[in-house]
Amino acid sequence: MDRVNLSLQRSLTREGGVGNLPEVDKKELYTTASLAQLELSEQEAERLAAAVGQMLEYFSKMREIDVEGLEPTTHALLKTNRLREDIVVESALADVLLENAPEREDRFIVIPNVL
Amino acid sequence: MEGLSSWRKVLSSSQAKQAYAGYVREWESRIGAFLEFDPDRSPIGAKPLGDDRGTASHPLAGIPFAAKDNIAVEGFSLTCASRMLEGLASPYTATAVSRLQAAGAVVVGKTNLDEFGMGSSTDTSALGRTSNPWDRARVPGGSSGGSAAAVAAGLVPFALGSDTGGSIRQPAAFCGVYGLKPTYGVVSRYGLVAYASSLEGIGVVAESTAVARLVFETMRGLDPLDHSSVDHQPSGEAHSPLRVGVLGGLSELSVEVEGVYRQAIKLIRELGMTVTEITLSTLEYVVPAYYTIATAEASANLARFNGIRYGHRPAYAENPEQLVRTSRDEGFGEEVKLRILLGTYVLRSGFQDQYYVRAQRVRTAIRNELASAFTGVDVLLLPVFPTPAFKRGDEGLSPFQQKLADRFTATANLAGVPGLAFPAGVIDGLPVGLQFLAPAFEEERLFRAAERYAEAVPAEHPAGYSAEWRR
């Protein structure tokens, strides 16, 4: 790795030494994948378990900092809900949106049999 | 505006357009900044807003620009550089874009990005590879890498990008151009494909501070179509000369970036600005808090991609559930899957307090520390990324290392404040960018500071850049 000094290289790799990665439990990974409606191949699960585990381990660094008494921030600047007026406006988007449907019959979107 | 006048000609006649397309084609065979380029595409979305912005006299009238391909422009595709959305025709135009079009500016193409904006190299794009115009073996940065590369090569005077954790500023720094991430909500997000809603916004990569300011002023403002949009309310206050906060104890920077950072501090002092050393003790918690929040929001936002109403659909599926799973398996790349998985994990019942809620409280601590830093200074000068543009593959940075390197940029997204990356110097043939950060709504301070800097250190161009063809 040219141009990157050694201390940087060391510090950036310190938590990710190859061969000794913290892995998230495979069962947990498949449960999470199922909640996220993701299909994972065996190989993919292998790689992602390592990558997810590495990030989760890194997230645990947040335990070090004292956040006692601090409210969670959901939005940096948004203080209140800003509602628009409840009025009728025209929108001609429906047809354009339908044109992007992968399979369609007239104005119906076709999916495989539910039952 | 002087710098833009030569750009006004390039779409004015078919002969001029040919010269333009020729210059772009030559560069594109080497850098691949665009996913779509067509200076003739009629800007269908260009409907005047009906306000008093006269198009003929507007300085942006007739000026070509590009938009990152996660920003909707009617008449173009909207792919997010993902197989999931390949070929999707954009049904409408983002507010930020239509305001520029109303001023007379013309979209000429859509630029490459990391898939759904997730990455720091543009290499996670499923639809094309973009190279750094300064060195083709290196990445242009990301996720708005195509926008930054296009501006650096002189293919457009500005290009829109989006910045969730540094995605405008980091590629701007890697490519030696200006990159503005505005205050959260000041530019409407309507028409930006959502990744992490509480962090991201549309901003601009530009050839100069003046162009960045002009585009920002044209795009910004309350939008009824984005309920998180806010009015721009600058205090108008700033010390003259500007008081600049800089980081004292620097570590984990490459020699190049550290060298340029120290030189820049010296220079701004010579330029008459006041320099104060500050410490940001929360800096080391920025990346874990940022990725917890960003992935949590991503897992919710990307749930909409299921292959039913639009997007990739598998050739065959037994039932709707299989259709959704296969669509997502085939449609998403691995980095996107990783972030969806992580985000789903940190939001699972039983883990929420430990990860997501904790990250939001850390976010408060980061905001508070930044706010208190700004009580004594007008702007902060920070590095953008610990290294200059890195090489692809094993010689570069791993995806995990790239994430760790987001600490300087993601701070601004967590706090909602604006940041401007600017070219601070060229070392061994590669540009090094730094950034100014300001309190919310104080973009003008960023422009002022960067303009002063450019008087002493003008931005340079990569070899092969030319403005001759448009003179």
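Visitor: In which loop is the place of Q37(A)?
Guide: Residues are numbered from 1 along each chain as its sequence is written, while chains are lettered from A and ligands numbered from 1 in the order in which they are written. This is a predicted model, in which local features need pLDDT of at least 70, side-chain atom pairs count only at pLDDT 80 or more, and totals for chains, interfaces and linings use all residues. Q37(A) is not a glycine, yet it has a positive phi of about 55°. With helices taken as DSSP runs of H or I of at least four residues, strands as runs of E of at least two, and both numbered from the N terminus, the place of Q37(A) is in the loop of chain A between α2 (26-35) and α3 (42-59).

Visitor: Over which residues of chain A is the pLDDT below 50?
Guide: The pLDDT is the predictor's confidence in each residue, from 0 to 100. For chain A its mean is 81, and 80% of the residues reach 70 or more. The pLDDT is below 50 over a stretch that has 27 contacts in the model beyond near neighbours in sequence, a contact being two residues whose C-beta atoms, placed from the backbone, lie within 7 Å. Where pLDDT is low, the predicted coordinates should not be read in detail. The stretch of chain A in question is residues 1-20.

Visitor: Over which residues of chain B is the pLDDT below 50?
Guide: The mean pLDDT of chain B is 94, and 96% of its residues reach 70 or more. A stretch with pLDDT below 50 has 17 contacts in the model beyond near neighbours in sequence, namely residues 44-54.

Visitor: Which helix supplies the largest share of the side of chain B that touches chain A?
Guide: The contact takes 67 residues from chain B and 53 residues from chain A. On the side of chain B, at least two residues each come from α7 (255-270), α8 (286-301), α9 (320-331), α10 (334-347), α11 and α12 (399-404). The largest share, eleven residues, comes from α11(B).

Visitor: How many residues of the side of chain B that touches chain A are nonpolar?
Guide: Ala, Val, Leu, Ile, Met, Phe, Trp, Tyr, Cys and Pro count as nonpolar, Asp, Glu, Lys and Arg as charged, and the others, Gly among them, as polar. On this side, 17 residues are polar and 15 are charged, while the number of nonpolar residues is 35.

Visitor: At what angle do the axes of α11(B) and α13(B) cross?
Guide: Axes are lines fitted to C-alpha atoms, for helices over the stretch in contact, and angles run from 0 to 180 degrees between N-to-C directions. R363(B), I366(B), R367(B) and L370(B) of α11(B) meet T411(B), L414(B) and A415(B) of α13(B). Angles under 35 degrees count as roughly parallel, over 145 as roughly antiparallel, 65 to 115 as roughly perpendicular and the rest as oblique, and these two helices are therefore roughly perpendicular to each other. The axes of α11 (residues 353-373) and α13 (residues 407-415) of chain B come within 9 Å and cross at roughly 100°.

Visitor: What is the order of the strands in the open sheet of eleven strands in chain B?
Guide: Two strands pair if DSSP finds at least two bridges between them. The pairing in this sheet is mixed, and the order in chain B is β1-β3-β2-β4-β6-β5-β10-β11-β9-β7-β8.

Visitor: Which residue is the bridge partner of L160(B) in β6(B)?
Guide: Strands β4 (residues 158-163) and β6 (residues 201-206) of chain B pair in the antiparallel sense over six bridges. In β6(B), the partner of L160(B) is V204(B).

Visitor: Which residue in β8(B) does V246(B) stand opposite?
Guide: Strands β7 (residues 243-247) and β8 (residues 274-278) of chain B pair in the parallel sense over five bridges. The residue of β8(B) opposite V246(B) is E277(B).

Visitor: In which loop does P241(B) lie?
Guide: The peptide bond from S240(B) to P241(B) is cis, with omega near 0°. P241(B) lies in the loop of chain B between α6 (209-219) and β7.
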